[in-house]
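Q: I have a structure to read and I am new to this. Can you take me through it feature by feature?

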Amino acid sequence: MTKETAQATAPTLRLTDIRKSFGPVHALKSISLEINRGEVIGLIGENGAGKSTLLKILTGIYQPDAGKIEVNGKSVKFRGPRDSSAAGIGVVHQEQSLFTNLSVAENIAISSGTGHRTGTRFGFYNWGQLNRSAAETLNIIGSKLNPKTRVGDLSFVDRQMVEIARAIRVDAGKDGSPLVILDEPTSLLERGETEVLEREIRKLKAFGSVIFVSHRLDEIIRNCDRILVMRNGELVADRVTSTVTEDELFKLMVGHASHASKKSRTSIDSSATPVLEVSRLSLKGKYSDISIAAHAGRITAIVGTSGSGREELSRAIFGAEKFDSGSIALNGSKVRGWRIPKAVSKGVGYVPSERKVEGMVGGYSAAENIVLTHPGKAAVGPIVLPWKRNKIAQEWFTTLDVRPNDIALELDRFSGGNQQKVVMAKWLNDPNLRVLVLDHPLRGLDPGAAETVNEQIKKACDKGAAVILLADTLEEALEMGDEILVMRDGAVTGHYDMNVDNPSTLDLLERMV
Amino acid sequence: MMTTTSSSGTAASVTIDTGEILTPNSSAKRRNIFAGIGEPVALIGALVVLIAIFSALNPRFATLTNLQNVLNQASLPIIIGVGATLVILIGSIDLSVEGVMAASGVAFVLMSANSRGGQDMGIAAFIVPVVLGTVLGALNGLIYTLLKVPSFIVTLGMWFIGFGIATILYGTDAYPELTDDNLTNWAAKINLGLPNVFWLAAALVVVSALVIRFTRFGRAALAIGNNEDIARANGMPVRKHKVTIFIIAGALSGVAGILATMQMGGTSNHIGEGYLFLTLPAVVIGGTSLAGGKGGVLRTFLGVILLTVLNNGLVLAGVSPNYQSALSGAILVVAIVAAAWSQRGRLRIAK
Amino acid sequence: MSLGTKAKRFGAVAALATAAALALSGCTSTAGGTTAAQPLKKEDLVFVCSVINTTNPYFAANIEGCQTLGKKLGIPVEVVDSNGSSQTEISKIQAILAKGKKAVVFVNTVASSDAPTIVNAVKAAGGFVTIWWNKPDNLDPAKVGNNFVAFQKHSGIDSGKCTTEALSKAIGEKGGIIALPGVQDSTTSATRVAGLKEALATQFPNVKLLDVRPSNWDPQLAYKNSKDLIAKYGDQIKGVWTADDGMQIGAMQAFKEAGLLNKVKFVSDGLYPPTVDAMKAHEGNDAIVGETFHRGYMASAIGLYTAYLAAIGKIDPSKLPHEKRDSMFKISCVTPGNLDEYLKWDNNVAGWVDTLIEKGPWDTEPVPLVAGGPEVIKPEYK
């Protein structure tokens, strides 16, 4: 695996005084850094800190205005993604960038140059060679995926494996060592899947270097040798992992200390009727015999691996999926013909994990999105009054600190965190909000945005809503939940009232898997 | 808290490795088999059922003569369908087919020995119309990619431009007929049991199927149809590929214009009429997705054959023309629903 | 004229009622008689010649007729190419009307439903119009007034009878034939098919109509339908009847490919140039045995000349008998034997137009006025 060459001593990547501006905006102000062979570098920073711009320069999508890039000691210029991958830089994108209609092998080979080894010579495919070469690459990262499988048929974590294989393939077999950029690879993964990915990172260290971008500071600390912090287009800190704590990193990123308040636990008023009562709900093959009593002002966190049935259950509560038997009751009265329109009219809100697909109308302005389902005071009958709508939207923008502060901008053009704030506002705008179902509300959010969203969840509780939370991490569930339900294979395997019990993550994990 | 997490993480990874990761894998394999073959099987099934019914209704349906007849009729839509499929695979659409056919058809007849007199330009009579189609196709592609006008609009405009060129070339003289019987008889002439024009269409289908399967260009077309942004981020020459595909489609429309003219023994600027709205449904029925990225020319081949058999069979079965269009429409809807049935699960948003 | 159907009587009553109403409400203008009192001057006129497209030989001949007449009378001609679209047709005509000259208009309408719009536009602009071939039954020139000078056509039933007789005789008055009509809801096609069915029923009981497949005036659809019918009936088909020569081209190509051209006889309507060539060349052992004779240049020249006469005050449409406002002109039957007699007209269009100017629109050979409209299809031949 180790190839001794003259360049072995040179850093895998050296950036000197890299600058990039977009019009008047200085996205990058003189970035200089070095990454050595075998190093795993954590790169953190809030949305807009310049991380994406830096990554796009490394992958050849943007060209720097000034500065020098050296790979394995050689000065390089990337005119496009192909140059970058030819130099040995591969990237695993945050939003997966695979062609779902093509096979695993093709996806691995697709950005490669032409040649016998890759199975594409003179513009023709040699499928046998292509598949063998992909299998070799997959073998390096210890994946047993069939190269002929269509990527669209793979699970999320398997797709991530394909992305990693593609990222390392760029240089496998050549001199020097590949640099793999993992751009928030874990943001869409379930906990168990994250473990697999982290093992991969450790393997990659053996023959290349890694830049690991994540919003989850615990992951960064767990996996990285060194951590680079960006703020406002500058590199503000370069720390060896063993010398920093999560709190310190947060402060470096945001510029101030975390002021997240510890959640005060709400106890159950046992005489009160639960806002939401789910009784013996079952859906064949997904979950069976689930009962939940969610009270006003309390957060019920449901934890479980993918396949535990918690997603389907949460969608059933919102009326987005049917169930076979059992019942759902709101404020003590059973509901019939439970479909989304009815759920919405009864004050049930839902923040989906697939925000872009189900949660928002990207082509509409942020203001329109906010009043989409519950126009409230913005509407007189069926007519929405633009000036009132804008006033309401502006209030939410201020409360939630949505950036950029432009309610007329199309929602597609906001960053993920800010989109999520708008999606939250859409439901919070319902004065009669009774139940709020949150499916991975913090997915892909930077710590600052996550803090804001969590504050709003607590506010919804204060106003008397019952919250069902499918958290990203067990820590999140433990921190936010007043009550925790553990699910495995469609059944409830654990139930904790956080006023009474004090389970550890290990307790939860034992019941999950 | 940190220590708890990492230790539990390691402990958990072993269990999850087998349960979580392998399960989706095996189910993926199973789905893959059906995903690949499901629709063509449904399509071939529908075709077999139609053939069985029509054979029972009229014994003359299942004869060599009628097979030759059906394949002869299907050939032009197949040739146009190859181009249309490529264009649809990249998520675009080419509506200019009939206009390009008209322009090339009129150019062809006027450059060949014809009843209006004029010179017989021999091989140039074939080359110039195809070049004309190529140029119109290139214009489609360039305007579409450079000016970022939707292909729907650009090609609609090119339809009229092609038609206009045909009208100007045609002038006001008498209907020009080809005077060389070798030309007029070529298309339907039987060779090795099947009409020449069908062999040509079949060869084009095979070549383009191989191109889609075995060349970087073909795979890139699928990739572009699946996600153009990712294709660009991977350094694919998206614009070049798109223009190339529109050029191929234009050239094939040009070839179709020549063949249609040869079949009719002459032409007017209306020679292409009806072909577009025969071909597009056939492409879709074949299972090529209008969203791009999914499908292929073999499917289109089956789609065209299905439609042609349907219309031929209804005539042979003696269905009254008053009911024919309604009946063929109804049968089509049933066929499409049946073929798409295996797909309906995928309409749900994947996690 | 002997057809005293209910509909017709109702139409007559309605016409009377409308005429009475007009007389009551606007007696001054009726009495003033726009045309009789103030005939338009020749220098103020423009001929408008509106055709469905310019590539079909029949429509091309329409234009030739307009231009020849325009040259004889010294009046400029504007050609409207509708390109098969009613919208194009109407908007182009309106644009010409807006230019200010008084328009004398011949329209070969794209669709029947275009006629009222065009008639009203011409009337409002003070022009004069003759419509050929297609109009709605309830649009009566007599009711509209003098500006809608006439509606003219050839009898479709006569056309169908003429070709069917030729075809039946050529195949020995027995055996199977197939028919390829035009667009199914076209009056022109329907009347020709009615003539076909009437001739078979009354004169040729042993000729069997095997199949009728509407082919939308489209040579390629006719080609496809012929191929399918050849597959279905094989050599049972002794004769092919098509509603126009374009479809005949497609049908003949199909039979040629099947090697049957020498054994099957063809008839059609129109005697297009390719048909003439085929007949002269005795193609397929004299495959074409019957055609009707009527000419595009004759139709347009008659139409324009009628409207012109009204415009300059030579005729007062309101005083014309019914058959001169809603007219059917003669159709002749051409066989390979008498082909040459008819081709002489085509070689001397200008001479024919001279005769037209000399004899007037209703008495010029070979297309004199033979009857008044509307043409009614007997229900049994629908």
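Q: Is B:S104 buried or exposed, and why?
A: Count the neighbours. A residue is buried if 20 or more other C-beta atoms lie within 10 Å of its own, exposed if 12 or fewer, and partly exposed in between, with C-beta atoms placed from the backbone. B:S104 has 36 C-beta neighbours inside 10 Å, so B:S104 counts as buried.

Q: What kind of model is this?
A: This is a predicted model: local features need pLDDT of at least 70, side-chain atom pairs count only at pLDDT 80 or more, and totals for chains, interfaces and linings use all residues. Residues are numbered from 1 along each chain as its sequence is written, while chains are lettered from A and ligands numbered from 1 in the order in which they are written.

Q: Where is B:S104 placed?
A: Look up the element. Helices (H or I, at least four residues) and strands (E, at least two) are DSSP runs, numbered from the N terminus. B:S104 is in helix α3 of chain B, residues 97-111.

Q: Which residues is B:S104 in contact with, leaving aside neighbours within four places in sequence?
A: Two residues are in contact if their C-beta atoms, placed from the backbone, lie within 7 Å. For B:S104 the partners are B:P129, B:V130, B:L132, B:G133, B:G254, B:G257 and B:I258. Now take B:I44, 60 residues from B:S104 along the chain. Their C-alpha atoms are separated by 34 Å.

Q: What is the mean pLDDT of chain B?
A: pLDDT is the predictor's confidence in each residue, from 0 to 100. Chain B has a mean of 83, and 85% of its residues reach 70 or more. Residues 1-37 of chain B have pLDDT below 50, with 45 contacts beyond near neighbours in sequence. Residues 345-351 of chain B are also below 50, with 3 such contacts. Where pLDDT is low, the predicted coordinates should not be read in detail.

Q: How many residues of chain B are in contact with chain C?
A: Count each side. Here 28 residues of chain B meet 28 residues of chain C. On the chain B side, α2 (64-89), α10 (238-264) and α12 (297-316) each give two or more residues. The largest share, 5 residues, comes from α2(B).

Q: How does that side of chain B divide by class?
A: Ala, Val, Leu, Ile, Met, Phe, Trp, Tyr, Cys and Pro count as nonpolar, Asp, Glu, Lys and Arg as charged, and the others, Gly among them, as polar. The side of chain B that touches chain C has 9 nonpolar, 16 polar and 3 charged residues.

Q: Why is chain C called as compact as a globular protein of its length?
A: Compare with a rule. The radius of gyration is taken over C-alpha atoms, and the globule rule is 2.2 Å times the number of residues to the power 0.38. Chain C has 17 helices and 13 strands. Its radius of gyration is 21 Å, close to the 21 Å that the rule gives for 382 residues, so chain C is as compact as a globular protein of that length. Buried residues make up 52% of those 382.

Q: Which domains does chain C have?
A: Domain bounds come from an automatic or database domain assignment. Chain C has domain 1 (37-154 + 296-372) and domain 2 (157-269). The C-alpha centres of these two domains of chain C lie 30 Å apart. Their contact takes 6 residues from domain 1 of chain C and 6 residues from domain 2 of chain C.
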